[in-house]
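Thanks for coming. I will take a few minutes on one model and go from the whole chain down to single residues.

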Amino acid sequence: MKANSMKNNWEIVFLCAALLVQTNLLGQTAPAARAPNRPSPAIDLSGYWSPAINEDGLERGAGSEIGDYAGFAINEAGRLWALSYDASRLTLKHHQCDGYVAPYQMRAVGNFRFWEDRDPHTMQLIAIHIWAQTTEGFRTIWMDGRPHPPAYAPHTYQGFSTGRFVGDALVVNTTHLKQGWLRRNGLPESDQATMVEFFVRHGDRLIDTTVVTDPVFLTEEEVRSDDFFRQPADHGSWLYACDDGEEIVGRAPDAVPNYPFGAQPFAREYSQRYKIPLLSGLAGAQSIYPEFAAKLKTATDADAAPLLRPKPGPSPVSRAVDPEPHDGQIHVWPVSGSVYMLLGDGGNIVVETGDQGPFVVDSGAGQLSDQVIEAIHKLSDKPIQFIVNTSSLPDRTGGNVKLHAAGHDPSLVGSFFSGQFRDAGVGATIIAQQNAETRMVQAKLPAPGWPTDTFLDDRRRKYHNGNAIEIFHEPSAITDGDSIVHFRQADVIAAGDIFNTTQFPFIDIKDGGSVQGEINALNDILKSHRFPARRTGWHADRSRPRLPFRRTRSGGVSGHGCYRAGPCSGDDQERRHSRTGEGRESHRRLRHSLRSE
């Protein structure tokens, strides 16, 4: 009821604001000349602000309880994610100093500082910056009319925000958020969530109303408000000292604390403690509306018990929007230094350039190979010298023949090894783990696209274009021939199929893949991670980019650690099912979720 009342009140506020804006526009005289879409600031947000923590004190204190999801329009996926949450997950090193995503950051304890960035010559407002003490969150709201980046651009804790003044309010649109949390009890927010904010100032009070839309976990928008009061002077409290450590000694590296479906031991604690129906915290969108109160009068725990497990039958199709470009064009995104990512032809393609020929990781599906070659030529005037295949799968190797023919490897001509390669000096040299080549030969793919420089175990090293490059074999991950490629100087990892930001991994059992091998590979990437000088909060966004099979790069360990939690917890659940004898249906549903979610 409280959440519904707040929602209705804010709908009235927004409607009144819209009417006032229309009235002001109709009554305006000719405005002074200024740049288009760059109205003068209606309010000044600069200064030191602290949250009024008496509002929603539970959110700012110990956090809400497991099972308290009332007022959130969560769907089945959001509810099951929340019910599988174990607070001990925060003891994992990769989650101890996590940053906060912007919607969650604005509800955090600690102090906030707002300041402006203006053009030194025209004094036009370029951006408004926000510093949050907790996790040292740093956020920029661009006010200069720039567009939002494409869907495949990097996602960060604070996202990409643009603002405009509407009447006496600052309206902010935020996209490109990492996966995060709506509440500290495990209620998730996906990396496809977006946020609209309304900042309104009343003297020394500031109200930030957030409207979060999430096609993955919410069926309706989530509307909340945060109050701040202005501090008269700099109090000097701005930092957040946090570093990870061993909180649980001897834990296996692939252990991710979680609860299987239907096994959350605290699912009923909230309703029992406050003597309210179990349905009150699990009903999703129903809990927003007034008529829900009448339904609770007759609700029994038996009515709500099915909500603690997945519904019978096939799992619903993901509501996530595909961020991949499908316009028949190749899109180039700079990653780090001279390393670029090419999107549009199936799996991502990585290109490293310099004073030698381009070093290419994977060749795409082969549908747009001519455009891929053209895009690489725009990055370098030299022919492609090396191509690494991270696996034998079609989206990794489909463009091998054309990219090979478009290249040239001068390092072999006249060397002792020139007689050991069937195509030495003819085209680019294709490198892969031996099992990948074996699979390609067995599949009777065109011979010019086969790797000719292969290795068996451990790694293959190259020093090229000023980068120390290491190619590591990851046995029995997606297949038995998977590799990851680490550009040392650029500090970039091309992870191939092993890391995919749009779904759980596809394990090709027929070609030697396994869930445990995939987990081992993800752990290897985490262990190889080079931390920046400071990893807390937004600093972690600046750590090593990992280039996944699908979509764009992932900066920092948080997204990678969350991705690893999927197969780790799934594998753990399967072992539990085996021990407790829960039957074939549990195995089937688990494997289906690993394949399709």
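Of the contacts between residues at least 6 apart in sequence in the protein chain, 63% join residues at least 24 apart. Please keep in mind that this is a predicted model. The chain has 597 residues, and 53% of them are buried. Its secondary structure comes to 14 helices and 24 strands. The accessible surface is about 26,600 Å², with 56% of that belonging to carbon and sulfur atoms.

Now to one piece of sheet, around β10. This strand covers residues 205-213, and seven of its nine residues are buried. On one side in the pairing is β9, residues 194-202, which pairs with β10 in the antiparallel sense over nine bridges. The hairpin of β9 and β10 has two residues between the strands, and there Gly 203 takes a positive phi near 65 degrees. β10 also pairs with β11, residues 222-231, again antiparallel, through eight bridges. Which residue of β10 is the bridge partner of Glu 197? That is Thr 210. Thr 210 in turn has Arg 224 in β11 as a bridge partner.

How many cavities of 30 Å³ or more does a search of the whole structure find? It finds two. β4 gives the most, with three residues. By class, the lining has five nonpolar, three polar and one charged residues.

Gln 433 is in strand β17, residues 429-433. Its relative accessible area is 2%, so Gln 433 counts as buried, the limit being under 20%. Leaving aside neighbours within four places in sequence, Gln 433 is in contact with Phe 455, Leu 456, His 473, Asp 480, Gly 481 and Ser 483.

The other is Gly 399, in the loop between α9 (394-397) and α10 (400-405). Is Gly 399 buried or exposed? Buried, with a relative accessible area of 1%. With neighbours within four places in sequence again left out, Gly 399 is in contact with Ser 363, Gly 364, Ala 365, Gly 366 and Ser 369. Asp 370 lies 29 residues from Gly 399 along the chain, and the C-alpha atoms of the two are separated by 9.0 Å.

Last, backbone angles. Most residues other than glycine have a negative phi. Lys 275 is not a glycine, yet has a positive phi of about 55 degrees. Lys 275 is in the loop between α5 (269-274) and α6 (292-296), and with a relative accessible area of 73% this lysine is exposed. Where is Ser 476 found? In the loop between β20 (467-474) and β21 (482-487). Phi of Ser 476 is positive, near 55 degrees, and this residue is not a glycine either. Its relative accessible area of 29% makes Ser 476 partly exposed.

That is what I had; I will stop there.

Conventions:
Residues are numbered from 1 along each chain as its sequence is written. This is a predicted model: local features need pLDDT of at least 70, side-chain atom pairs count only at pLDDT 80 or more; totals for chains, interfaces and linings use all residues. Side-chain values use heavy atoms; hydrogens and water are left out. Buried means under 20% relative accessible area, exposed over 50%, partly exposed in between (1.4 Å probe, protein chains only). Helices (H or I, at least four residues) and strands (E, at least two) are DSSP runs, numbered from the N terminus. Two strands pair if DSSP finds at least two bridges between them. Contact means heavy atoms within 4.5 Å. Accessible areas come from the Shrake-Rupley method with a 1.4 Å probe; for residues, only the protein chains shown count as cover. On a 1 Å grid over the protein atoms alone, a cavity is a set of points where a 1.4 Å probe fits but cannot get out, and a pocket is an open set with protein on both sides within 12 Å along at least five of seven lines; lining residues have an atom within 4 Å of a point. Grid points are joined across faces, edges and corners, and a volume is the space filled by probe spheres set on the points. Ala, Val, Leu, Ile, Met, Phe, Trp, Tyr, Cys and Pro count as nonpolar, Asp, Glu, Lys and Arg as charged, and the others, Gly among them, as polar.
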